Amino acid sequence: MLTSNEIKKKLGEYAAGLIGSDMLIGLGTGSTVYWLIQELGKRVGEGLHITIVPTSTQTKVLASELGMQVAELNDVDSIAFTIDGADEADPQFQLIKGGGGALLREKMVAAASQELIIIVDESKMVENLGKFPLPVEVIPFGWNHVRRRIKQLGCEEIILRQKEGKTFISDQGNYILDCHFQIIAEAAKLNEELNLIPGVVETGLFIDMATAIITGYEDGRIEVKRK
Ligand code: 5RP
């Protein structure tokens with residue numbers, strides 16, 4: 001049986017095989033995509049030429065260290081596809097993302113891509129979204145009022161994200177509220193309601209964005225599902 005990290009490595013290696021020379025692709029963020037970047041770095045060392053649009057500073061730094069050409073989202077027209085991880089994915093391909101705090105750029109890069117390919121280990125596949133706390137990116141000004149408004153939408157526990165004893169700051173200079181909904185019955189509706197609250201920048205609900213989900217299993221199987 002593979003460990004969680006071994007599944008992620010296998011997924012990263014598999015996903016690297018989807019990328020051909022001279023392609024422009026979006027690169028996600030997180031510990032699964034980390035392995036994709038490592039494998040791509042190896043292939044770039046062997047002569048593969050690709051340009052990537054990163055979804056975070058973390059991905060940008062790692063990809064450039066490994067020799068990939070990096071483009072800014074503003075400087076490209078359309079991206080063939082983005083490969084990214086997720087925190088939860090349901091059978092309708094709706095996602096919770098943002099566990100790593102990169103949800104805003106991840107959503108913008110995904111929206112500029114013709115396809116969003118998600119790589120997840122089997123533990124991320126769920127019947128209902130919501131067990132994983134939903135990350136909501138908010139501006140620092142008046143964030144406590146935003147928290148109250150989210151509570152009124154039925155979320156009992158909302159935590160201002162911390163990292164190493166300090167308030168976590170996103171690449172965009174914002175805060176993240178981790179919202180413990182437990183079960184999200186109507187993800188599209190909740191996404192709209194959250195986005196209407198003044199001070200909310202973006203939510204980690206990725207609705208109708210994923211076009212393929214590649215799942216890695218403990219027994220070593222890899223399953224590809226397309227929408
Ligand atoms: C970062 C994300 C990641 O894709 C998500 O948190 C999954 O990460 P990992 O592959 O480390 O489990 O949305 O903002």
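**Entry 1: a helix on a sheet**

I began with helix α6, residues 187-195, which lies across β8 and β13. Against β13, helix α6 runs at about 165°. I note here that this is a predicted model.

Next I looked up the sheet that holds these strands. I found an open sheet of four strands, in the order β9-β12-β8-β13, with antiparallel pairing. Which strands sit at the edges? They are β9 (157-160) and β13 (200-203), and each pairs on one side only. Neighbouring strands of this sheet are turned by 25° against each other on average, direction ignored.

I then checked one pairing. Strand β8, residues 134-138, meets β13 in the antiparallel sense over three bridges. Val138 stands opposite Val200 of β13. Helix α5, residues 143-151, also packs on this sheet. I saw that α5 touches β8, β9, β12 (175-180) and β13. The direction of α5 makes about 20° with that of β12.

**Entry 2: cysteines**

How many disulfides does the structure hold? I found zero. I wanted the reason, and took Cys155 and Cys179 in turn. For Cys155, the closest cysteine sulfur is that of Cys179, and at 4.9 Å it is too far for a bond. For Cys179, the closest is the sulfur of Cys155, again 4.9 Å away and too far for a bond.

**Entry 3: an enclosed strand**

I moved to strand β7, residues 113-121. Seven of its nine residues are buried, so the strand is largely enclosed by the rest of the structure. What pairs with β7? Strand β4, residues 79-84, runs parallel to β7 and is joined to it by five bridges. Ile79 stands opposite Ser113 in β7. Strand β15, residues 212-216, also runs parallel to β7, again with five bridges. There I found Ile117 opposite Ala212 of β15. I kept a general point beside this: strands of a sheet pair through backbone hydrogen bonds, either parallel or antiparallel.

**Entry 4: two buried residues**

I looked up Ala16, which is found in helix α1, residues 4-16. Ala16 is buried, with a relative accessible area of 0%. What does Ala16 touch, not counting residues up to four places away in sequence? I listed Leu36, Glu39, Leu40 and Arg43. I also checked Trp35, which is 19 residues from Ala16 along the chain. Their C-alpha atoms are separated by 9.1 Å.

Thr51 came next, in strand β2. Thr51 is buried, with a relative accessible area of 15%. I left aside its neighbours within four places in sequence. The contacts of Thr51 are then Met23, Leu24, Ile25, Gln69 and Ala71.

**Entry 5: the largest pocket**

The largest pocket has a volume of about 270 Å³. Which elements each supply at least two residues of its lining? I noted β2 (51-54), α3 (57-65) and α4 (103-111). The largest share comes from α4, with three residues. Among the lining residues I recorded Val53, Pro54, Thr57, Lys60, Arg105, Met108 and Val109. The lining also includes Ser56, Glu72, Leu73, Asn74 and Gln172.

Methods: Residues are numbered from 1 along each chain as its sequence is written. This is a predicted model: local features need pLDDT of at least 70, side-chain atom pairs count only at pLDDT 80 or more; totals for chains, interfaces and linings use all residues. Side-chain values use heavy atoms; hydrogens and water are left out. A disulfide is a pair of cysteine sulfur atoms within 2.5 Å. Two strands pair if DSSP finds at least two bridges between them. Axes are lines fitted to C-alpha atoms, for helices over the stretch in contact, and angles run from 0 to 180 degrees between N-to-C directions. Contact means heavy atoms within 4.5 Å. Buried means under 20% relative accessible area, exposed over 50%, partly exposed in between (1.4 Å probe, protein chains only). On a 1 Å grid over the protein atoms alone, a cavity is a set of points where a 1.4 Å probe fits but cannot get out, and a pocket is an open set with protein on both sides within 12 Å along at least five of seven lines; lining residues have an atom within 4 Å of a point. Grid points are joined across faces, edges and corners, and a volume is the space filled by probe spheres set on the points.
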